[in-house]
Amino acid sequence: MTISIYNTKTGKKEPLSTIKEKHINLYVCGITVYDYCHLGHARSTLVFDMIVRYLRYRGNTVTFIRNFTDIDDKIIKRAAEQGTTTEELSNRFIEAFHEDMASLGNLKPDLEPKATEHIPEIVDLIQTLIDRGLAYEQDGDVYYRVERFANYGALSGRNLADMMAGARIAVSDKKENPMDFVLWKSSKPGEPTWDSPWGAGRPGWHIECSAMSKKYLGDTFDIHGGGKDLIFPHHENEIAQSEGASGKPFVNTWIHHGFVTIKDEKMSKSLGNFLTIRELLEQYPAEVLRLFVFSAHYRTPLDFTDQAMQDAETGLDRLYGCLATLTRLPRQGDADAADTVGKKDRQKLEKLEERFCKAMDNDFNSAQALGHIFDTVKAVNKIAQHLPPTPSQQTLDRLRQAGATLKQLGDLLGILQQDPVAYLTAKQEKILSAIDLSPQQIEALIAERNKARDEKDWTRADEIRDRLLSRNIEIKDAAGGTTWQVKI
RNA sequence: GGCGGCAUAGCCAAGUGGCUAAGGCAGUGGUCUGCAAAACCAUUAUUCCCCAGUUCGACUCUGGGUGCCGCCUCCA
């Protein structure tokens with residue numbers, strides 16, 4: 001079985017082939033650091049986190065690089081607004097980004113290079129492009145000459161004539177062609193600058209990714225990823241820069257993920273309809289967000305609603321509930337007793353990993369993979385529920401094995417790694433602290449109700465029960481007495 | 001205007017040229033209970049936006065239509 005991936009470059013799913021056997025060089029476009037990250041950025045990091053974990057799980061080594069673009073017009077503007085330097089501003093938001101990543105439970109990339117730490121590489125690359133006739137200097141700016149790059153538009157399925165017809169490009173008389181894009185910008189007074197053969201200035205957007213990917217991954221590497229909005233112009237321009245300079249293919253596989261939407265509109269800063277990661281995590285645990293994100297395929301739009309998040313939370317509770325059930329199983333079973341698991345359920349438990357991998361192999365279909373997880377949970381619950389008083393050792397072993405597999409596969413999605421009992425307890429305590437009843441008061445009410453029950457005063461008993469239930473306290477009458485728990 | 005994507009049950013969301021169209025949430029019935037709750041079981045799309053075509057057979061392929069979204073300016 002091989003992993004197949006949808007490649008934007010060809011518009012098809014293709015079996016993954018790597019330059020080096022069992023090794024994958026992956027470059028993902030990171031953020032421009034001038035503000036806190038929102039849910040859309042979170043999806044991006046979550047998707048590639050899942051992809052990297054899965055690629056490694058399937059026996060590959062992965063060199064995962066995600067850059068920071070820490071010099072750019074927006075950063076300069078924002079720093080000026082805040083009366084600070086671009087360096088201070090970008091470092092502050094890089095730190096915030098790292099905090100967000102830790103909160104989300106994302107693995108660290110192997111390297112997180114910054115544009116400003118690669119100015120010499122950027123200058124070299126631009127010089128190569130000038131030497132090859134693909135770029136030209138104009139009053140201290142350097143532009144890429146798109147007409148000289150034959151494949152310009154190949155990734156995004158455009159051609160220069162169509163784009164010109166679109167005519168939404170700001171006309172600049174410095175450019176030979178309106179589609180030419182800037183590689184190096186001469187700096188205005190007060191802006192951060194670096195020396196270059198074309199005078200003091202700073203890199204344009206796009207060139208930093210070409211320079212850094214080349215430095216760390218070489219002229220040609222396996223996978224390059226980012227959001228769909230980066231296909232054009234960012235990735236198109238990277239190709240023009242990198243292939244123009246090296247004369248070699250830049251990237252074999254392009255992975256682009258879909259957007260997070262709100263009310264079916266793209267979440268973006270300019271629309272103002274965004275939620276920052278930190279705001280969101282105040283309301284929902286990271287695992288809930290992960291489950292929500294992975295419940296849709298990475299290339300489809302993902303519409304954010306509170307209802308969807310609550311659904312995800314209920315789903316996560318169900319998964320942990322199943323794992324908690326498994327911890328309560330008797331330690332020892334009857335070695336001689338027959339296995340009580342039916343053939344169909346047995347298959348579900350045994351084939352979980354296989355089904356999960358088959359789904360993930362198919363362009364990282366985490367939604368389908370999660371479906372298999374839930375399907376298995378249902379089987380586990382059923383078996384556990386119907387266990388005889390003295391269960392067979394074989395059955396217990398099966399259930400425990402399934403629990404271990406669930407946890408192992410959950411790790412590929414960054415979920416289910418907490419102790420299940422602790423997870424549920426913590427959740428109950430959190431809810432309990434938010435209501436105006438102490439455990440002592442609850443116990444007292446239960447005692448009162450039990451007295452009423454003994455006297456067959458059902459009205460009074462029900463009244464107390466409903467009162468507790470209205471505060472999210474569920475009570476359970478069992479043979480050994482009444483227990484209570486917080487409804488989650 | 002150019003290019004691309006999507007349309008599957010109340011909601012979310014997979015999927016396949018032909019076995020029962022995953023799974024989650026919500027709902028309904030049942031087991032249990034004095035009644036409940038929890039848990040579990042069962043059940044909820046004769047049908048996959050509309051029309052035409054290809055085919056023995058299409059929700060899946062082709063063409064057309066409708067609706068929604070995205071990129072073409074910064075964007076994950």
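Let's start with the four-stranded sheet. This is a predicted model. The sheet is open, it has 4 strands, and their order is E5-E6-E7-E8. Pairing is antiparallel. Which strands stand at the edges? Strand E5, residues 135-138, and strand E8, residues 201-203. Each has a single partner strand, so one side of each is left without a neighbour in the sheet. On average, neighbouring strands here are turned by 20 degrees against each other, direction ignored.

Look at the E8 end. Strand E7 covers residues 181-186. E7 and E8 pair over 3 bridges, in the antiparallel sense. Take Lys185: its bridge partner is Arg202, in E8.

Now the other end. Between E5 and E6 there is a loop, and Asp139 lies in it. The phi angle of Asp139 is near 50 degrees. That is a positive value in a residue other than glycine.

Next, what lies across this sheet? Helix H7, residues 231-246, lies across strand E6 (141-144) and E7. H7 runs at about 80 degrees to E7.

Stay with H7, please. Pro233 lies in this helix. The peptide bond joining Phe232 and Pro233 is cis, with omega at about 0 degrees. The charged end of Arg158 sits over the Phe232 ring, 4.4 Å from its centre.

How many cavities of 30 Å³ or more does the structure hold? The count is 1. The largest cavity has about 50 Å³ of space. Two elements give two or more residues to its lining: helix H6, residues 207-217, and H7. H7 gives the most, with 3 residues. The lining of this cavity includes Ser242, Ala245 and Ser246. Among the other lining residues are Leu125, Ser210, Lys214, Gly218 and Asp219. Phe250 is in the lining too.

Phe250 takes us to the aromatics. Ring pairs link Phe250 with Tyr27, Phe221 and Trp254 into a cluster. The structure holds 15 aromatic pairs. There is another charge over a ring to show you. Which ring does the charged end of Arg299 sit over? The ring of Tyr6, at 4.0 Å from its centre.

On to a second sheet. This one is open as well, with 3 strands in the order E12-E11-E13. Its pairing is mixed. Strand E12, residues 265-266, and strand E13, residues 302-303, stand at the edges. Each of them has a single partner strand, so one side of each is left without a neighbour in the sheet. Strand E11 covers residues 260-262. E11 and E12 run antiparallel, joined by 2 bridges. Thr261 has Lys266, in E12, as its bridge partner.

Last stop, the second largest pocket. What is its volume? About 540 Å³. Its lining holds 17 residues. Which of them lie nearest the centre? Arg328, Leu424, Gln428, Gln485 and Ile488.

Conventions:
Residues are numbered from 1 along each chain as its sequence is written. Chains are lettered from A and ligands numbered from 1 in the order in which they are written. This is a predicted model: local features need pLDDT of at least 70, side-chain atom pairs count only at pLDDT 80 or more; totals for chains, interfaces and linings use all residues. Side-chain values use heavy atoms; hydrogens and water are left out. Rings of Phe, Tyr and Trp (its six-membered ring) pair if their centres lie within 6.5 Å; planes under 30 degrees apart count as stacked, over 60 as edge-to-face and the rest as tilted. A charge sits over a ring if NZ of Lys or CZ of Arg is within 6 Å of the ring centre and within 35 degrees of the ring normal. Two strands pair if DSSP finds at least two bridges between them. Axes are lines fitted to C-alpha atoms, for helices over the stretch in contact, and angles run from 0 to 180 degrees between N-to-C directions. Contact means heavy atoms within 4.5 Å. On a 1 Å grid over the protein atoms alone, a cavity is a set of points where a 1.4 Å probe fits but cannot get out, and a pocket is an open set with protein on both sides within 12 Å along at least five of seven lines; lining residues have an atom within 4 Å of a point. Grid points are joined across faces, edges and corners, and a volume is the space filled by probe spheres set on the points.
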